Protein chains: 2
Amino acid sequence: MTTLEHCQQLDQNDPLRSLREQFELPPGLIYLDGNSLGVLPRATAARVAQVVTEEWGQGLIRSWNKAGWFDMPQRLGDRIAGLIGAGPAEVVATDSTSINLYKVLSAALLIGRHEHPTRLRVISERSNFPTDLYIAEGLCNEHGGTLTLLEADELQAALAPESAHDVAVLLLTHVNYRTGAMHDMAALTAAAHRAGVLTVWDLAHSAGALPVDLKGAGADFAVGCGYKYLNGGPGAPAFVWVHPQHAERFWQPLAGWWGHAAPFAFTPDYKPAPGIGRYLCGTQPILSLSALACGLDTFSAAEPMGGMVALRQKSLALSDLFIELVAQRCAGQGLTLVTPLAHAQRGSQVCLARADGAFAIMQALIARGVIGDFRAGDGGRHPDILRFGLTPLYTGFADVWQAVEHLRQVLASGEWQRPEFNRQQAVT
Amino acid sequence: MTTLEHCQQLDQNDPLRSLREQFELPPGLIYLDGNSLGVLPRATAARVAQVVTEEWGQGLIRSWNKAGWFDMPQRLGDRIAGLIGAGPAEVVATDSTSINLYKVLSAALLIGRHEHPTRLRVISERSNFPTDLYIAEGLCNEHGGTLTLLEADELQAALAPESAHDVAVLLLTHVNYRTGAMHDMAALTAAAHRAGVLTVWDLAHSAGALPVDLKGAGADFAVGCGYKYLNGGPGAPAFVWVHPQHAERFWQPLAGWWGHAAPFAFTPDYKPAPGIGRYLCGTQPILSLSALACGLDTFSAAEPMGGMVALRQKSLALSDLFIELVAQRCAGQGLTLVTPLAHAQRGSQVCLARADGAFAIMQALIARGVIGDFRAGDGGRHPDILRFGLTPLYTGFADVWQAVEHLRQVLASGEWQRPEFNRQQAVT
């Protein structure tokens with residue numbers, strides 16, 4: 001049996017241990033939900049206060065230039081690029097993931113339709129993050145296309161050239177939000193390209209969680225989230241990447257003044273900015289963007305320690321430990337591991353299915369100060385899930401031990417069956 | 001001649017004078033650019049700090065429910081509704097003005113096309129805010145429609161039923177950003193409806209600046225800005241209103257999870273929320289939304305003093321004074337008043353055209369601590385403009401006197417011709 005003392009020793013020997021000091025972790029809380037909302041970096045409060053009182057309060061309109069507000073989407077985009085295998089001037093931080101997805105999926109559909117007018121189908125995964133499917137559904141309705149939803153293990157066959165002749169776009173989230181399973185981005189992109197299909201990747205659960213190599217995989221478009229692993233704060237602006245070979249092929253439909261080639265000329269005709277700049281639309285929320293900058297700073301400190309490669313190594317060690325401890329301590333309690341055991345197929349979270357009681361079990365854990373989250377199943381192939389996010393910047397090995405011990409106690413004692421844990425309510 | 005002492009007396013007698021104390025006005029600055037970026041309310045810094053350190057830092061994911069983050073677009077929307085003649089549950093604060101315009105213009109075009117398949121034209125004003133025209137241009141390209149740009153005095157004729165048989169939507173900004181001229185919303189909406197045309201109003205320069213009566217005018221759709229007269233901070237989220245009779249007629253195309261009828265059910269199919277809720281898309285920037293809430297609070301203090309009606313009265317008195325002082329003190333300096341003299345046609349800004357030197361004159365004023373802004377002309381019917389925003393919540397009569405005195409000195413001395421004021425650079 002793996003002991004708490006052993007886990008404490010792992011923390012002592014962890015070369016990334018000091019990174020945790022960058023964050024304001026509420027005392028007594030074991031927070032395994034950084035894949036939903038990242039923890040507050042220590043530097044953020046002072047920086048946001050400075051933006052409010054000095055840059056806005058004193059600088060006022062002059063801060064658009066003097067404080068660099070106007071270029072912030074590009075500046076932050078360049079920093080995100082370094083985490084996802086993209087180059088400089090290829091990423092902008094802006095808008096929400098859903099809206100950025102609309103932009104790139106529109107562009108991809110236009111490119112597809114332009115080159116192959118009979119390609120009118122979008123393929124995605126049935127358990128993809130729902131908002132991605134809603135955006136795709138809406139765009140397909142607009143463009144007269146169809147959205148086909150498949151299981152993960154059906155994707156390769158659907159991308160066989162003989163099956164995919166009418167497919168324009170493969171739209172996938174790199175790491176599945178429900179299961180923590182990671183797609184092989186390079187292999188699926190190669191298969192898509194062999195069939196003449198463009199790829200759109202949602203990096204919501206991978207950017208900042210593990211190394212992503214968009215250019216290496218030959219991907220076409222990507223979007224991602226600023227408030228999960230990037231620690232940008234609630235609802236922080238998202239990001240969008242377009243491969244340079246596609247960036248200037250079409251307008252994207254949300255063509256606003258921040259994406260204009262000459263935004264201050266105020267001409268009545270739209271002329272898109274060169275490169276990724278045309279994926280900007282309207283004025284961005286500067287306070288929230290400033291907090292995102294502080295979130296990105298927390299990765300800079302990891303650079304001399306090996307950056308995303310070292311963070312990935314720790315993430316896998318944390319999830320291995322979680323899986324091992326659940327097997328050791330919660331056997332016979334009806335939990336099924338949903339997250340793949342193979343490292344190459346695992347994101348940075350561990351998900352456990354249970355036929356019943358998953359909601360109440362998570363409520364009982366939260367009451368004990370262990371925060372993960374619950375995701376409802378569909379009553380069929382996709383069961384109810386307990387989800388535990390492992391964020392190597394600030395999660396320790398002893399945290400994992402304590403979390404599983406609480407889980408063991410909640411299950412063994414039947415505590416989760418108390419009525420107060422069974423009141424269903426909105427959770428995010 | 002109107003004296004400074006007289007203006008100081010006007011400030012003394014101003015029943016709204018105490019409202020200025022709600023704001024952090026930089027000492028020594030005369031800020032006449034609240035129509036571009038509103039001033040920082042005193043309460044904002046502490047509130048944003050609380051959201052960062054307590055709600056995010058301590059509450060973490062639990063704050064989506066406990067701190068009311070999730071309902072913030074609706075809660076703020078209800079408060080904005082009170083400023084624009086809309087009802088409860090008809091407005092949401094979300095995204096940017098450009099993106100909200102895309103939503104409502106898409107919906108309006110769909111309604112138009114559904115009812116009259118031959119209506120494929122959008123009419124707007126050539127000097128409408130350019131980003132509105134870009135969004136319209138993009139949507140017309142997508143939908144096979146055309147965008148017709150007219151001068152303000154050509155609109156009524158274009159809306160004659162015999163001319164407008166192929167027009168789907170009239171898209172106008174209520175108060176023109178360049179000239180400060182205000183359209184007659186009720187009359188133009190009535191003319192549009194007689195011709196079977198739907199109306200989309202951009203309230204960027206009127207919400208919070210003057211009473212707006214969307215329902216009274218029978219308008220169909222509206223959007224507006226959070227960071228100008230609403231004092232929400234740089235890039236604050238915008239708002240969107242849809243007349244209840246249209247709200248549920250179509251999806252809008254940016255169909256994300258926040259606009260789903262059951263956002264936490266995570267179902268793969270989109271089912272739009274009832275009412276205005278379906279105009280939400282992705283997760284919103286909570287820090288920036290929290291600052292917008294503080295901006296809206298500055299209007300609450302005005303309620304017992306007569307609210308928007310009293311603020312409008314003061315705004316007109318300020319712009320009357322500005323116009324009168326320019327006539328008295330800057331005669332013969334080549335300035336032409338562009339803003340209408342008639343109150344019913346005037347927004348809350350005064351704009352002066354000059355054949356040459358307008359950019360340098362504004363730079364010289366800014367160097368003196370008088371902040372307005374410059375808007376370039378088109379070399380034709382629309383000249384270069386000096387723009388002065390008058391924000392009755394915090395602008396005083398003596399401010400106006402001092403601003404015009406600086407303008408007089410800059411012109412009379414030729415100070416504006418100094419080389420340092422003639423370097424063109426980006427201005428917002």
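Student: Is helix H4 of chain A mostly covered or mostly exposed?

Tutor: Good place to start, and remember that this is a predicted model. To judge burial, count neighbours: a residue is buried if 20 or more other C-beta atoms lie within 10 Å of its own. By that test H4(A) is mostly covered, with ten of its 13 residues buried. Among them are A:Met72, A:Leu76, A:Ile80 and A:Leu83, and A:Arg79 is also buried.

Student: What covers the buried residues of H4(A)?

Tutor: Several elements of chain A take part, including strands S2 (91–93), S7 (221–224) and S8 (239–242). Helices H9 (214–217), H11 and H12 of chain A also belong to that cover.

Student: Which domains does the assignment give for chain A?

Tutor: Domain 1 is written in two pieces, 4–40 + 308–421, while domain 2 covers 70–300. Their centres, taken over C-alpha atoms, are separated by 29 Å. The contact between these domains takes 26 residues from domain 1 of chain A and 22 from domain 2 of chain A. On the domain 1 side, H12(A) (307–329) gives the most, with four residues. By class, that side has ten nonpolar, 13 polar and three charged residues.

Student: Now for the two chains. How many residues of chain A are in contact with chain B?

Tutor: Here you count the residues on each side: 71 of chain A are in contact with 70 of chain B. The elements giving two or more residues to the chain A side are H2 (44–59), H3 (63–66), H5 (97–115), H6 (130–143) and H11 (286–300) of chain A. H2(A) provides the largest share, nine residues. The chain A side divides into 44 nonpolar, 21 polar and six charged residues.

Student: In what sense do strands S3 and S4 of chain B pair?

Tutor: For a strand pair, look at the sense and the bridges. S3(B), residues 121–125, and S4(B), residues 146–150, pair in the parallel sense over five bridges. To find your place in the pair, note that B:Ile123 stands opposite B:Thr148 in S4(B).

Student: What unit do S3(B) and S4(B) make with helix H6 of chain B?

Tutor: Follow the path from strand to helix to strand. S3(B), H6(B) (residues 130–143) and S4(B) make a right-handed β-α-β unit.

Note on methods
Residues are numbered from 1 along each chain as its sequence is written. Chains are lettered from A and ligands numbered from 1 in the order in which they are written. This is a predicted model: local features need pLDDT of at least 70, side-chain atom pairs count only at pLDDT 80 or more; totals for chains, interfaces and linings use all residues. Two strands pair if DSSP finds at least two bridges between them. A crossover is right-handed if, with the strands pointing away from the viewer, the path from the first strand over the helix to the second runs clockwise. Two residues are in contact if their C-beta atoms, placed from the backbone, lie within 7 Å. Ala, Val, Leu, Ile, Met, Phe, Trp, Tyr, Cys and Pro count as nonpolar, Asp, Glu, Lys and Arg as charged, and the others, Gly among them, as polar. Domain bounds come from an automatic or database domain assignment. A residue is buried if 20 or more other C-beta atoms lie within 10 Å of its own, exposed if 12 or fewer, and partly exposed in between; C-beta atoms are placed from the backbone.
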